Amino acid sequence: MAREEIESEVTGTVWKIETKVGDKVMEGDVLMIIESMKMEIPVLATEAGTIAEFTTEETEPVSEGQVVVILET
Amino acid sequence: MGWEESVAEIRRRRAWAQAQGGADNVARQHAAGRLTVRERIAGLVDDGSFREVGGLSASVTYENGVAVAATPAPYVCGLANIDGRPVAVGGEDFTVRGGTSAGLDKRKGGQGGFSEDLAYEYRIPLVNLIDGAGGSVASAKQRGHAVFPGVDSFDRSVQLLSEVPVVSAVLGSAAGGPAGRAILSHWSVMVEGTSQIFAAGPPVVARSLGQKITKEDLGGVPVAVAAGGTIDNAAPSEEACFAMIRRYLSFMPQNVHEAPPRVVAGDPAGRIEEALLDAVPHERRHPYDMRRIIELVFDRNSSFEIQPGHGKALITSLARLDGHVVGIVANNPMVYGGAMNVAESNKQCHFIELCDTFHIPLVFLVDVPGFMVGEQAERAGVLRAGMRAVYVASQARVPVMTVVIRKCYGMAGMATCHQAGLNLRIAWPSAEWGSLPVEGGVAVAYRREIAAAADPKQREAELEAELREYASPFRTAEAFGVEDIIDPRETRAYLCRFIGAAQGRIKTDIGLKPRAGVRP
């Protein structure tokens with residue numbers, strides 16, 4: 001099992017976390033939504049896998065390149 | 001008797017050249033996950049097309065006047081074909097003294113020299129396969145003096161940039177001259193994991209700043225391609241890198257005195273894609289996949305993205321419409337809503353000059369809310385960088401077509417069209433524009449009125465709703481302030497028509513594209 005670190009592409013605030021730990025996701029699925037520049041920017045699964053951990057929570061600020069989700073693939 | 005003996009000597013010496021730096025050094029190169037320069041050239045060019053020049057240049061050991069052994073000069077160059085078209089190609093042979101310079105009567109290439117002269121004089125593209133560390137302080141001991149910077153001039157490398165396509169691949173650890181050479185190219189590529197590039201490597205950094213850092217952390221793909229934008233693209237392997245070079249050159253004319261090559265691949269100009277109709281969400285806060293729109297509109301599988309990892313709020317791609325080469329500049333709403341920051345501006349300016357130089361018309365797919373805002377962006381000089389994009393767009397002389405997909409605001413919006421020219425702007429029904437977005441703009445323009453209202457929040461919302469009505473693209477089209485509003489599914493056919501019609505103009509404009517003035 002490999003751990004895949006998924007980063008936020010943008011600086012902003014966590015708007016909604018649409019999944020939970022243990023969810024099975026496919027590549028391209030929306031994991032959470034970051035609000036940045038008045039836009040809702042989805043964080044997408046880069047591979048299929050199971051959500052192992054969120055490293056942030058709703059309303060928390062995140063910066064560009066910050067790891068926000070860890071997937072087990 | 002003829003010259004059989006001398007001809008045999010030529011063969012013998014060519015065999016020495018083939019042996020490169022010897023079996024041990026070649027094995028070491030392979031163990032590092034890298035190919036030798038001869039394998040690289042073979043992997044890059046059309047089969048059997050490499051005509052080596054200077055294969056006899058070597059440091060030769062003589063016994064009783066007979067040559068008995070040779071160390072080849074550490075640079076391999078010559079003439080080859082890529083997709084049937086001639087190119088000049090050259091690269092350092094890292095298996096010979098780490099690819100350091102040879103001390104020949106004439107340089108073979110790299111930084112000036114035969115391969116560069118060949119490309120320049122014959123007006124054919126140049127491919128540099130870079131795998132050398134450049135100058136060494138030890139050379140001063142051999143010469144008896146320190147050389148003044150420029151003893152190997154970059155003048156030819158600079159001249160080449162206005163005449164023929166120049167591609168550089170960084171295939172090892174490049175510092176100094178070879179690193180600089182890579183930047184003086186129209187397009188550059190490096191390989192993940194096995195190549196690095198920096199102004200100076202880890203030992204110099206440790207000595208200068210006391211920072212201990214690995215080669216990969218200092219100049220690997222994440223730094224040089226994604227963060228710095230020093231190199232344009234990254235390839236997963238050397239083989240993939242050669243395929244990308246061939247792909248890049250397929251869009252280019254042989255020199256600036258020709259138009260780019262049309263390749264008709266049978267994708268109908270009138271192809272209708274239903275998916276375009278709902279590609280853009282009605283909810284303005286929801287982004288969408290601009291790359292998918294590019295795939296649907298342009299010739300199937302024709303798009304080749306330049307600098308995908310840097311300045312990610314902007315997408316720059318070479319592609320084709322009805323076989324004609326075009327340059328795409330598209331905002332990416334997934335990253336900061338497509339706002340233009342310093343990296344995006346640098347990327348856009350370089351790409352527009354590239355396309356203008358090689359007579360490639362531009363298609364803008366616009367969704368830009370403006371320049372990036374905030375203290376960080378201001379500290380990085382976003383306004384100057386952003387206005388540079390406006391300046392460079394205004395200087396372009398190739399035909400420009402602008403398709404407004406969603407937002408087109410302010411000065412960043414001006415960098416997406418060609419006000420000095422025909423200025424053909426077509427819009428999707430999802431388009432909106434103005435000097436600045438209604439949100440925020442209302443708060444500034446009606447500050448007193450809002451403050452004086454019984455319910456300021458409500459008054460602000462009312463004013464926003466009122467002004468948004470004027471934002472309908474149809475109202476601007478009534479005034480011919482935008483040339484057309486189209487069904488998104490018509491985009492491909494519309495663009496193909498105009499790109500086809502523009503080809504005559506492109507042919508009248510071939511040649512050098514000198515640019516006067518001072519960029520902001």
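In chain A, strand E6 (residues 49-54) and strand E8 (residues 67-72) pair in the antiparallel sense over four bridges. Ile51(A) has Leu71(A) in E8(A) as its bridge partner. Please keep in mind while reading that this is a predicted model.

These two strands of chain A belong to an open sheet of four strands with antiparallel pairing, in the order E1-E8-E6-E3. At its edges are strand E1 (3-7) and strand E3 (24-25) of chain A, each of which pairs on one side only.

**Where chain A meets chain B**

How many residues of chain A are in contact with chain B? Eight residues of chain A are in contact with 12 residues of chain B. On the chain A side, strand E5 (residues 39-44) gives the most, with three residues. By residue type, the chain A side that touches chain B divides into four nonpolar, one polar and three charged.

**Chain B as a whole**

Chain B has 22 helices and 19 strands. Along the principal axes, the C-alpha atoms of chain B fill a box of roughly 105 × 55 × 40 Å. Of the 520 residues in chain B, 44% are buried. Among contacts in chain B between residues at least 6 apart in sequence, 72% join residues at least 24 apart.

Chain B is divided into domain 1 (35-57 + 73-250), domain 2 (274-431 + 482-508) and domain 3 (435-471). The C-alpha centres of domain 1 and domain 2 of chain B lie 32 Å apart. Between these domains of chain B, 12 residues of domain 1 are in contact with 13 residues of domain 2. On the domain 1 side, the elements of chain B that give two or more residues are helix H10 (221-227), strand E11 (233-235) and helix H11 (238-250). The residues on that side of domain 1 of chain B divide into six nonpolar, four polar and two charged.

**The seven-stranded sheet of chain B**

Seven strands of chain B form an open sheet in the order E1-E4-E5-E6-E7-E9-E11, with mixed pairing. The edge strands of this sheet are strand E1 (51-53) and E11 of chain B, each pairing on one side only. From one strand to the next, the twist averages 25°.

Within the sheet, strand E4 (residues 75-82) and strand E5 (residues 85-92) of chain B pair in the antiparallel sense over eight bridges. Asn81(B) has Pro86(B) in E5(B) as its bridge partner.

| Helix | Strands it lies across | Angle |
|---|---|---|
| H4 (residues 114-122) of chain B | E1, E4, E5 and E6 (126-130) of chain B | about 160° to E5(B) |
| H7 (residues 176-183) of chain B | E5, E6, E7 (166-170) and E9 (187-191) of chain B | about 145° to E6(B) |

**A buried strand and its neighbours**

Why can strand E13 (residues 314-321) of chain B be called largely enclosed by the rest of the structure? Eight of the eight residues of E13(B) are buried, so this strand is largely enclosed. In a regular strand, side chains alternate between the two faces of the sheet. Here Leu314(B), Thr316(B), Leu318(B) and Arg320(B) point one way from E13(B), while Ile315(B), Ser317(B), Ala319(B) and Leu321(B) point the other way, and all are buried.

E13(B) pairs in the antiparallel sense with strand E12 (residues 304-306) of chain B over three bridges. In this pair, Ile306(B) stands opposite Thr316(B) in E13(B). E13(B) also pairs in the antiparallel sense with strand E14 (residues 324-331) of chain B, over eight bridges. There, Leu314(B) has Asn331(B) in E14(B) as its bridge partner. The hairpin of E13(B) and E14(B) has two residues between the strands, and in this hairpin Asp322(B) takes a positive phi near 50°.

**The nonpolar core**

Which residues have the most contacts inside the largest nonpolar core? They are Met190(B), Ile245(B) and Leu365(B), in a core of 139 residues. Domain 1 (35-57 + 73-250) and domain 2 (274-431 + 482-508) of chain B each give at least three residues to this core. Not counting residues up to four places away in sequence, Ile245(B) touches Leu44(B), Val127(B), Val167(B), Ala169(B) and Val189(B).

How values were computed: Residues numbered from 1 in each chain as written. Chains lettered and ligands numbered in written order. Predicted model: local features only at pLDDT ≥ 70, side-chain atom pairs only at ≥ 80, totals over all residues. Domains from an automatic or database assignment. Contact = placed C-beta atoms within 7 Å. Nonpolar A, V, L, I, M, F, W, Y, C, P; charged D, E, K, R; others polar. Buried ≥ 20, exposed ≤ 12 C-beta atoms within 10 Å, placed from the backbone. Pairing = 2+ DSSP bridges. Axes fitted to C-alpha atoms, helices over the stretch in contact; angles between N-to-C directions. Core = buried A, V, L, I, M, F, W, Y, C linked by C-beta atoms within 7 Å.
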